[in-house]
Amino acid sequence: MISSVSVRDVRADHPAVPTWLPHVGEERSAPTGESPGGRERQDRTVPTTTFPRSAAEIGAGLRGVVAAATGPGWPGRVLYALALLPAGALGLALYFALFGSVVAVIYGVGLLLILLVLATIRGVAGLERRMLRSLLGVDVPAGERVRRQPGVRTKVRRLVTSAGTWRAVGWLGARVLLGAATLAVLFFATVLCVALRFGLDWNVLNALPLLALMALVVLAALLLLDLLVRLAAAVGPRLLGAGAEQRIAALQAGGRRLADRNRLARDLHDTIGHALTASLLQATAARRTLSPGGDAPVQPEFARQALQHIETNTRAALAELDRALSVLRAEDDGRDLAPFAPPTLADLDELLVGLRDGGLPVALTVDVGTDEVPAALQALAYRVVQEGTTNVLRHAGTPVTVAQVLRLGDTLAVSVHNERPEQQDSRPGPGGGRGLAGLHERTRAAGGTLTAGPTPSGGFELCVVLPLAGAA
Amino acid sequence: MTLRLVLVDDDVLVRSGLRVILESEPDLTVVGEAGTGREALEVAARTDPDVVLMDVRMPDMDGITATERLIARDPGRPRVLVLTTFEDDDYLFRSLKAGASGFALKRADPDELVDAIRIVARGSSLVLPDLTRRLIASHTPSRARGAAALPELTGREADVLRLVAAGLSNAEIAAEMFLSRETVKTHVSGVLLKLGARDRTQAVIAAYESGFMTA
């Protein structure tokens with residue numbers, strides 16, 4: 001019955017080894033920490049015994065203790081134990097430095113000093129994480145990287161407000177306590193040994209039991225130190241790792257990035273992909289009309305129009321490419337993609353400058369506060385203006401055009417309308433551009449309505465009305 | 001014989017470019033244009049084209065739905081060639097399932113595009129055989145039921161279907177099996193009839209979905 005029980009299983013049952021602490025050997029194999037599920041599985045396979053029932057079990061238990069003490073990670077644990085005292089001293093020193101700089105603030109000179117101490121504490125926390133990983137095999141995921149934040153002011157703000165900083169301060173407190181405990185263990189063990197050796201009269205009769213007693217004291221001290229190391233391994237991840245809120249934030253950021261990427265891909269498909277396709281077909285057709293096969297006539301007028309379409313399409317595609325690349329570059333620099341990806345109402349000015357360069361006399365009215373409109377709606381409004389103005393260029397040439405973004409009660413109204421074109425050199429197709437189909441979809445998704453059609457005065461109007469409430 | 005075409009795309013620039021490119025071919029003539037799937041149905045009913053060149057994403061009614069409706073109206077005519085900007089697997093497979101005879105990229109060389117139209121009209125081969133076969137194979141769950149799933153085929157017809165599904169044209173199959181082209185044509189017709197398939201593309205889908213061909 002015993003022969004099938006592995007050392008590991010016995011340890012899990014053996015009362016001498018606290019199973020509630022993550023065990024170093026297991027941390028190696030499962031870096032995320034001991035899972036409660038794992039222990040339940042062991043409980044099912046091995047009947048739970050509170051006391052060792054036979055000599056064989058005691059033997060197996062002892063082997064378990066020895067294996068735990070000299071397990072695969074024992075050199076690392078010895079090193080970690082040796083570092084308990086100096087690390088405790090360092091923690092104490094940093095606490096003094098922190099309190100000292102707080103006192104100095106009162107005298108008006110210590111603000112920089114506090115920041116310096118906090119930064120040092122975060123640095124020490126990084127070293128501690130590395131120590132836990134390399135010596136004890138406990139993997140501690142780092143939290144927010146203050147160093148990666150853009151700008152000195154953000155860095156300083158995050159340094160002071162980050163929960164990670166204050167958890168690191170808490171860890172230093174734990175370090176001081178661990179150091180004190182180590183000191184106490186060493187002190188009492190030494191005192192006991194000295195007392196045993198010099199406080200008693202040794203003779204032939206009691207020498208052996210006294211020696212055994214001393215050995216027991218040393219063993220107890222070692223076990224206590226081991227317990228302290230395990231404590232550090234258990235508490236460390238909580239204080240040094242990313243907090244729950246940070247892990248959730250990281251997950252959310254990941255999801256947002258994915259959504260941003262998908263949106264970017266769809267945008268590229270709708271804008272650049274489509275503009276290039278139309279340009280390619282126009283160019284191919286133009287070439288054919290200039291040098292037709294057989295007895296077909298040369299059509300320079302078609303070629304001229306085709307070139308104009310290609311010019312308009314390519315200009316719009318390049319502007320979109322520019323924006324897409326800036327988004328990708330922003331992400332490359334390690335900055336969050338989200339704040340850069342969607343265009344905002346503020347970007348409309350730049351868009352219209354480009355169109356005016358292209359010869360379109362266009363006026364823009366934005367009569368709504370930027371902070372009244374959720375980011376998603378701002379991006380949609382930008383798209384409406386972009387699509388509307390591009391379509392004017394495509395289908396009507398360069399008539400006078402007015403773009404408006406207005407707040408009407410609880411709705412946001414975005415419209416682009418143009419006067420009657422002077423010469424109707426392109427067909428005002430009912431379908432409009434490819435983007436119009438995409439806009440339809442997005443407007444519907446946002447709970448709004450899209451209308452597009454000719455105006456009584458001979459122009460064309462695109463109008464999108466979006467609900468402002470509950471759209472965020 | 002002139003092939004009558006209808007162009008369906010929501011962008012006038014794409015349509016006008018395509019029209020010029022295709023009309024420069026002596027055997028092709030564009031008899032109608034449409035900007036949405038719904039318009040396409042109406043234009044096709046009015047003009048009775050041989051081949052409809054169908055965009056996928058359009059407002060009002062997309063190309064996949066329009067293809068389905070066209071095929072449901074008359075399985076024989078017109079055939080549908082799907083035009084796409086990007087090789088979006090899902091859209092393309094869905095359009096083949098809806099009954100399109102093949103697909104071509106809008107960025108394809110004009111000669112390739114014209115070839116694809118002629119192939120679709122004649123039905124003597126798959127359009128973009130490798131791409132089409134891979135697309136169908138990768139979208140069909142492999143059931144590995146083996147040839148037993150299509151028992152009504154004769155040995156010869158089964159061989160022909162295997163080569164059709166591999167993307168070979170009638171001429172290539174004739175060379176492979178040491179048969180005349182006419183004989184191959186007869187076998188292919190027999191296979192299509194027994195599978196209830198309108199054209200080779202649908203036969204290949206049936207071959208994969210029944211487990212006769214495995215991915």
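A salt bridge is counted here when a side-chain nitrogen of Lys or Arg lies within 4 Å of a carboxyl oxygen of Asp or Glu. In this predicted model, the side chains of B:D111 and A:R288 meet in such a bridge, at 3.9 Å from N to O. The pair crosses between chains. B:D111 sits in helix α5 (residues 110-122) of chain B, and A:R288 sits in helix α11 of chain A. A:R288 also forms a salt bridge with B:E25. There the closest N and O atoms are 3.3 Å apart. Between chain A and chain B the count is 2 salt bridges. Over all chains, the same rule gives 26 salt bridges.

The wider interface was examined next. The contact takes 28 residues from chain A and 24 residues from chain B. The size of an interface is often given as the accessible area lost when the parts come together. For chain A and chain B the buried area is about 2,300 Å². Carbon and sulfur atoms give 64% of that area. The interface also holds 5 residue pairs in polar contact, with both residues at pLDDT 80 or more. On the side of chain A that touches chain B, the elements giving two or more residues are α11 (244-290), α12 (300-332), α14 (375-396) and α15 (434-445) of chain A. Of these, α11(A) gives the most, with 13 residues. By class, this side of chain A divides into 7 nonpolar, 15 polar and 6 charged residues.

Strands of a sheet pair through backbone hydrogen bonds, either parallel or antiparallel. Chain A carries an open sheet of 5 strands in the order β1-β2-β3-β5-β4, with mixed pairing. β1 (362-367) and β4 (449-454) of chain A stand at the edges. Each has a single partner strand, so one side of each is left without a neighbour in the sheet. The twist averages 10 degrees from one strand to the next. Within this sheet, strand β3 (residues 411-418) and strand β5 (residues 460-467) of chain A pair in the antiparallel sense over 8 bridges. A:L412 has A:L466, in β5(A), as its bridge partner. Helix α14(A) lies across β1, β2 (401-408), β3 and β5 of chain A. This helix runs at about 10 degrees to β3(A). α14(A) is also among the elements on the side of chain A that touches chain B.

Chain A also shows a helix pair. Helix α5 (residues 74-82) and helix α7 (residues 111-136) of chain A pack at an angle of about 145 degrees. Their axes are 8 Å apart. From α5(A), the contact is made by A:G76, A:R77, A:L79 and A:Y80. From α7(A), A:E128, A:M131, A:L132, A:L135 and A:L136 take part. The residues of this contact divide into 6 nonpolar, 1 polar and 2 charged.

Chain B has an open sheet of 5 strands in the order β2-β1-β3-β4-β5, with parallel pairing. Its edges are β2 (28-34) and β5 (102-105) of chain B. Each edge strand has a single partner, so one side of each is left without a neighbour in the sheet. Neighbouring strands of this sheet are turned by 25 degrees against each other on average, direction ignored. Strand β1 (residues 3-8) and strand β3 (residues 51-55) of chain B run parallel and are joined by 4 bridges. B:L7 has B:L53, in β3(B), as its bridge partner. Helix α1 (residues 12-23) of chain B packs on the sheet, touching β1, β2, β3 and β4 (79-84) of chain B. The direction of α1 makes about 165 degrees with that of β2(B).

Notes:
Residues are numbered from 1 along each chain as its sequence is written. Chains are lettered from A and ligands numbered from 1 in the order in which they are written. This is a predicted model: local features need pLDDT of at least 70, side-chain atom pairs count only at pLDDT 80 or more; totals for chains, interfaces and linings use all residues. Side-chain values use heavy atoms; hydrogens and water are left out. Contact means heavy atoms within 4.5 Å. Buried area is the accessible area (1.4 Å probe) that two parts lose on being put together, summed over both. A polar contact is a pair of N or O atoms within 3.5 Å; within protein, one must be able to donate a hydrogen and the other to accept it, and residues adjacent in sequence count only if both atoms are side-chain atoms. Ala, Val, Leu, Ile, Met, Phe, Trp, Tyr, Cys and Pro count as nonpolar, Asp, Glu, Lys and Arg as charged, and the others, Gly among them, as polar. Two strands pair if DSSP finds at least two bridges between them. Axes are lines fitted to C-alpha atoms, for helices over the stretch in contact, and angles run from 0 to 180 degrees between N-to-C directions.
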